[in-house]
Amino acid sequence: MQIEETSRADVLRRYAIINTPPEPNFDRITRMAAGIFGFPFCALAFVDGDRFWFKSTQGLQATEMWRDRAFCQETIRRQTVFVVPDALADPQFSNAPVVSAAPHVRFYAGAPLITPSGTCIGSLCVLDTQRQDGLSADRQFILTDLAATVVELLEARARQIALVATTQEIAYLATHDPLTGLPNRRHLTDLVGTMKAGEAIAALYLDLDGFKSVNDRFGHAIGDALLQQVAARLRQVLPPDATAARLGGDEFAVILGGPDLMKKAAIVAQGVIAMLGQTYHVEGCEADIGVSIGIALADDPDRLNTSLRLSDIALYSAKSQGRGCYRFAHDAAAAIRKTA
């Protein structure tokens, strides 16, 4: 029984139908059923824990019903069309809330909603306040067909959900680094492309110091885990308006905007150097690395590629000065001219 309930819950999660607002396709089914059979009430009910939740109803105000003494519970159990000609004369249902109180149901006919996997997840039912002699085989067939149409709608819904999820995953993978989850260069370019013309940016180019030695000593698996920790530390230390990206290997970039960028970039660089320079504990291994940073300022986001190239030059200037430090591109350029 518990396995059956778990399977039912899993299927309903895939359909993502519980507690959703009304939808025309499902309302059309219940309206059609009520019209075909000429009964005042119709409900499309799904099992949700201890209750039946109504996705669509005709003539009923209720949105849910406890499974205890519910007609639909018997439909679920039998997994075939279930008919109660006169609920008042049936000891199983005569004291059910919908029978003894409003809307005073006396007749019930329900068809199970059986998925392609064979899981019964609810029922499509029609009800009347008058007793009926039963439901002919032809009319039972119609009710079963309508219930099958509901399942087809659910399957189409599930395929649409899966398609959207796949599309989102593809879009995510196209713009993010799969190892660290950080944005990649493409995402960085797209993001900067949304900035206003003339808006100043600071591009910080980061290169890890000593990472290759760690990779060679402990192996690529440890190296990958270390890069993931580096990404986590970047998220932790950067201000909310900063964007970090992994450019490849052990190289990262950070884009900053806003006023007083030179001071802001220096403060961010200092924080990053201090955070990334702390000892790492990765799967029982202890590793110490650092980071060198080159910084370039640009007066327009269209100059992102130029800024990254200049910050890359400043980065190597920082590395030549002993690593674990940062240099601005204009300082690096001045140093190069001085030694030329």
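Strands β4 (residues 82-84) and β5 run antiparallel, joined by three bridges. Within this pairing, Phe82 sits across from Gly110 of β5. The model is predicted.

Strand β5 covers residues 107-114. Seven of its eight residues are buried, leaving the strand mostly covered. β5 also pairs with strand β6 (residues 120-128). That pairing is antiparallel too and counts eight bridges. Here Ala109 stands opposite Val126 in β6. β5 and β6 form a hairpin, with five residues between the strands. In this hairpin, Gly118 adopts a positive phi near 90°.

Is Glu74 buried or exposed? Its relative accessibility is 8%, so Glu74 counts as buried; the cut-off for buried is under 20%.

The side chain of Glu74 makes polar contacts with the side chains listed here.

| Side chain | Partner side chain | Polar contact distance |
|---|---|---|
| Glu74 | Arg78 | 2.9 Å |
| Glu74 | Gln92 | 3.2 Å |

Setting aside neighbours within four places in sequence, Glu74 is in contact with Phe82, Gln92 and Phe93.

Key:
Residues numbered from 1 in each chain as written. Predicted model: local features only at pLDDT ≥ 70, side-chain atom pairs only at ≥ 80, totals over all residues. Heavy atoms only, no water. Buried < 20%, exposed > 50% of the residue type's maximum accessible area, 1.4 Å probe, protein only. Polar contact = N/O pair within 3.5 Å; in protein donor to acceptor, adjacent residues only side chain to side chain. Contact = heavy atoms within 4.5 Å. Helix = DSSP H or I, 4+ residues; strand = E, 2+ residues; numbered from the N terminus. Pairing = 2+ DSSP bridges.
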